[in-house]
Amino acid sequence: MKGRFKAAATFALACLLIAAMQTLASAQGRGRGGGVGGGRGSGGGSGVSTGRPSGIGVDRGIETSSGRSGGRADDGRGIASERSNGRADAGLERARLRRENARRADDDLREHPEMARRLHTTANDLRSGYQAALATNPNLEFGQYVAATRLAANLGTRHPNITRAAILAGLAEGHSIGRTLQDLGLSEREAKEAKKRAEREIKEARRR
């Protein structure tokens, strides 16, 4: 009888010990879980991270705009860039034409040092006037400028509206000298005769 009581007491004590160990293990598990979710190092209380998600910012906004617009935002940025580059390229081309035409004019004046005097002007006046005209029309050739100068001198007295500036304006619009003279009031025959006279005078002035 005494042995049975002892065995029962031992069994009961073992059961209590096992229950206590399980309770302790459960409490430790809850403590670790709460620490990971609610600790300061994991982004704030209640296990919810309050830090900024990766990718938020300017780059994220650009990506979002591209995605929401189905790529239209990217196309718009690309087109704007291309248009800007196009304007820059056009400006560089105009500057290149002005430099080349101005250089050719200098060469022409050096090769024909008497031309300006024979046309009743000076080399400096022709050079400076031509460079100013190139700012408006970089495609203008020096020969065209000299012709406009000579035509204005020959026709200006009888036709006050036929000035060098008026002729250069017509050339800048893409018209020929003959067409421009007709637009300024000359008949087709008169325009041809005036043009031939100016060409003859310029040719003679270029002779050495």
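Predicted model: local features only at pLDDT ≥ 70, side-chain atom pairs only at ≥ 80, totals over all residues.
## Helix packing

The crossing of α5 past α6 is right-handed.

## Contact residues

On the α5 side, the contact is made by Asp 125, Leu 126, Gly 129, Tyr 130 and Ala 133. Their partners in α6 are Phe 142, Tyr 145 and Thr 149. By class, the residues of this contact of α5 with α6 comprise five nonpolar, two polar and one charged.

## Aromatic pairs

There are two aromatic pairs in the structure. One of them joins Tyr 130 and Phe 142 in an edge-to-face arrangement, with 5.2 Å from centre to centre and 65° between the planes. This pair links distant parts of the chain, as Tyr 130 belongs to helix α5 and Phe 142 to helix α6, twelve residues apart. Tyr 130 and Phe 142 are both buried.

Tyr 130 also pairs with Tyr 145: the ring centres are 5.8 Å apart and the planes stand at 55°, so this pair is tilted. Here too distant parts of the chain are linked, with Tyr 130 in helix α5 and Tyr 145 in helix α6, 15 residues apart. Both residues of the pair, Tyr 130 and Tyr 145, are buried.

Through these ring pairs, Tyr 130, Phe 142 and Tyr 145 are linked into a cluster.

Definitions and conventions
Residues numbered from 1 in each chain as written. Heavy atoms only, no water. Left-handed = near helix turned anticlockwise from the far one by under 90°. Helix = DSSP H or I, 4+ residues; strand = E, 2+ residues; numbered from the N terminus. Contact = heavy atoms within 4.5 Å. Nonpolar A, V, L, I, M, F, W, Y, C, P; charged D, E, K, R; others polar. Phe/Tyr/Trp six-rings, centres within 6.5 Å; stacked < 30°, edge-to-face > 60°. Buried < 20%, exposed > 50% of the residue type's maximum accessible area, 1.4 Å probe, protein only.
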